[in-house]
Amino acid sequence: MALLENIQNNHAAFLDTLQHRFLDETRNAALKKFFHLGFPTKKDEEYKYTNLREITEKNYNFFPKEAHTISKEQIAELHLGEENFDWIVFINGKLHKELSKISIENVELLSFNYALNDPKHKDVFDHYFNTIADQNLAFTNLNTAYCKQGFFLKVPKNVVIEKPIHVFYISQNQDENTFYNTRNLLIAEEGAKIEVIESHHNFDETYVFTNSVTEIFTYQNAKADWHKLQNDSNTSYMMDHTFAKQERDSLTTVNTFSFGGKLVRNNLDFIHNGENINSFMNGITIIDDEQLVDHHTAVHHKTPNCESYQNYKGIYKGKSHGVFNGKVYVDKIAQKTNAYQQNNNILLDEGASIDSKPQLEIFADDVKCSHGCTVGQLNEDALFYLRARGISKKEAQAMLLFAFANDAMENIDIEPLRVKISKLLAEKLEVDMEFEDIF
C-alpha cells in the first residue's frame with residue numbers, strides 16, 4: 001500500500017517538526033496501534049460497503065507547502081453571507097490570522113499546533129486530548145500520531161457565543177497529493193453555548209486526503225452545535241471522526257450536509273454521561289457520478305432519562321453510492337430513554353445505490369426506541385399532480401425533493417447556513433429555485 005509506506009517513512013521526520021514533545025509517547029503508541037490494526041478493508045464489518053483502496057493506494061505528501069495565493073476575495077466567495085459571523089481560515093494546514101476574523105472575547109481559541117506548543121496547556125491536553133476518541137479505530141490512531149492542524153476552543157462557564165464560528169480548511173498550491181490530519185478540540189463548560197460551522201475546500205487538481213478527528217465536551221446545561229458542510233471537489237477524500245461526550249442537562253447537535261467529495265466517511269459517536277441529555281444528529285446527502293458518502297453513527301445511552309434523534313436523508317444520482325449504519329446502545333440502567341433513528345433515501349437513477357443498516361441494542365425495559373429505513377423513487381402520483389398544474393418535470397422533482405429533505409433542516413437556527421443549504425440543493429438538482437421559493 002502506497003499510503004502505508006508513506007506513514008512508515010514519515011513519522012520520525014514529522015516528530016522533528018514539533019517544538020514541544022509532551023505528546024511524543026502518545027503519538028508513538030498510537031502509531032504502533034495503527035500498524036497493529038492496519039487499514040480497514042471490506043472484510044471488516046464496519047467497512048463492508050466502503051472500499052478504501054482508492055485512497056490507500058495513492059502516495060501523499062505529509063508536509064504541505066505553506067505558500068499560497070488565496071485572496072480575501074476567494075475567501076469571501078466561500079462565505080455563507082455571514083458578514084456578522086467570526087471565521088478562522090486554515091490554508092495548507094496553517095492558521096492565517098490576516099484572512100480570519102475573530103471578535104469573540106472571554107474564550108480560549110488557539111490553533112491546535114499553537115496549543116500543542118504552549119506548555120501552559122499541557123494540563124488541558126492531559127485531561128481531554130484523546131480521552132473519548134475511540135483508540136481501537138485505525139484512522140483515529142493515525143490522526144493521533146500525526147495531528148497538528150486544527151483548532152482548540154474552550155468556552156468558559158456561562159459564556160454564550162452569539163456569533164457562529166465558521167472554520168475553513170483550504171488546500172491550495174500543492175504539486176503532489178497531500179495528506180492532512182486535522183484535530184479539533186471543543187470544550188463547552190457549564191452553561192456555555194457555541195455554534196461551529198466546518199467546511200473543507202481543495203483548490204488544486206491533485207488529490208487531498210483529510211483525516212479529521214474532533215472531540216466535543218459539553219458540560220451541564222451547555223449547548224454545542226457543530227455543522228459540517230461537505231461540498232468539496234472530486235479530487236478530495238474525507239475520513240471524519242467526531243466524538244461528543246455530554247454531561248447532564250446538555251444539548252449537542254451535529255448536522256452533516258454532504259454534497260461533494262469523491263469519497264466521504266462520517267463517523268459520529270455520542271456518549272451520555274448524565275441525565276436529561278439531548279443529542280441530535282441530522283444529515284442530508286445529495287451526490288452524483290461515482291461519489292460515495294458513508295454515514296456511521298452511534299449513540300451510547302449510559303444514563304436514564306435521555307433522548308437522541310437521528311434523521312438522515314439521502315438523494316442519489318448517477319452511479320453514486322450511499323451507506324448508512326446507525327447504532328443506538330441502551331445500557332441496563334438507562335431507563336426512560338427515548339431514542340429515534342430514521343434513514344430515508346431516494347434513488348434518482350438506476351445506477352445509484354444505498355446500503356442502510358439501522359441497529360438497536362437495548363438492555364433496558366422501560367424505553368421508547370424506534371428505527372426505520374426507506375429506499376425508493378419519487379412518488380409518481382405526486383409528480384403527476386404537480387405537472388398537471390403546469391409545473392415542469394424538473395421543477396416538480398425539485399419541489400418533492402426539497403420537501404423530502406425539509407425535516408432534516410428544521411433545527412438549523414443559523415439562517416445564512418439554511419439558505420446556503422437550500423442553494424446547494426437547488427444547484428445539485430440543477431434547478432433555478434431555492435428552498436424559500438417553495439415553502
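Asn-266 counts as buried because its relative accessibility is 4%. Buried means under 20% relative accessible area, exposed means over 50%, and partly exposed lies in between (1.4 Å probe, protein chains only). This is a predicted model, where local features need pLDDT of at least 70, side-chain atom pairs count only at pLDDT 80 or more, and totals for chains, interfaces and linings use all residues. Residues are numbered from 1 along each chain as its sequence is written, and side-chain values use heavy atoms, with hydrogens and water left out.

**Asn-266 and its surroundings**

- Asn-266 sits in strand 12. Helices (H or I, at least four residues) and strands (E, at least two) are DSSP runs, numbered from the N terminus.
- Asn-266 touches Gln-230, Asp-240, Thr-256, Ser-258, Val-293, Asp-294, His-295 and His-296, not counting residues up to four places away in sequence. Contact means heavy atoms within 4.5 Å.

**Nonpolar cores**

- The largest nonpolar core has 28 residues, and Phe-151, Val-167 and Ile-194 touch the most other members. Strands 1 (86-91), 4 (151-155), 5 (165-171), 6 (178-188), 7 (193-202), 9 (223-231) and 12 (263-272) each give two or more residues to this core.
- A second, separate core holds 26 residues, including Leu-80, Leu-378, Leu-417 and Ala-426.
- A nonpolar core is a set of buried Ala, Val, Leu, Ile, Met, Phe, Trp, Tyr and Cys residues joined through side-chain atoms within 4.5 Å.
- In soluble globular proteins, nonpolar side chains tend to be buried together.
- Leaving aside neighbours within four places in sequence, Phe-151 has contacts that include Phe-90, Leu-109, Val-167, Tyr-169, Val-196 and Trp-226.

**Ala-224**

- Ala-224 is placed in strand 9. Ala-224 counts as buried because its relative accessibility is 2%.
- Its contacts are Leu-186, Ile-194, Ile-216, Thr-218, Leu-251, Thr-252 and Thr-253, not counting residues up to four places away in sequence.
- The C-alpha atoms of Ala-224 and Phe-384 are separated by 43 Å, and the two residues are 160 residues apart along the chain.

**Helix pairs**

- Two packed helices are described by the angle between their axes and the distance between the axes. Axes are lines fitted to C-alpha atoms, for helices over the stretch in contact, and angles run from 0 to 180 degrees between N-to-C directions.
- Helix 1 and helix 2 (residues 24-37) pack at about 170°, with axes 12 Å apart. They are therefore roughly antiparallel to each other. Angles under 35 degrees count as roughly parallel, over 145 as roughly antiparallel, 65 to 115 as roughly perpendicular and the rest as oblique.
- In this pair, Leu-4, Ile-7, Gln-8, His-11, Phe-14 and Leu-15 of helix 1 meet Asp-24, Arg-27, Asn-28, Leu-31, Phe-34 and Phe-35 of helix 2. The contact divides into 7 nonpolar, 3 polar and 2 charged residues. Ala, Val, Leu, Ile, Met, Phe, Trp, Tyr, Cys and Pro count as nonpolar, Asp, Glu, Lys and Arg as charged, and the others, Gly among them, as polar.
- The axes of helix 1 (residues 2-16) and helix 7 (residues 138-146) come within 10 Å and cross at roughly 35°. Ile-7, Asn-10, His-11 and Phe-14 of helix 1 meet Leu-142, Ala-145 and Tyr-146 of helix 7. This contact has 5 nonpolar, 2 polar and no charged residues.
- Helix 8 (residues 380-387) and helix 9 (residues 393-405) have axes that come within 9 Å and cross at roughly 125°. These two helices are therefore oblique to each other.

**Helix 7**

**Loops**

- Most residues other than glycine have a negative phi.
- Asn-92 is not a glycine, yet its phi is positive, about 55°. Asn-92 lies in the loop between strand 1 and strand 2 (94-95), and counts as buried at 3% relative accessibility.
- Asp-289 also has a positive phi, near 55°. Asp-289 lies in the loop between strand 13 (278-287) and strand 14 (292-301), and is partly exposed at 45%.
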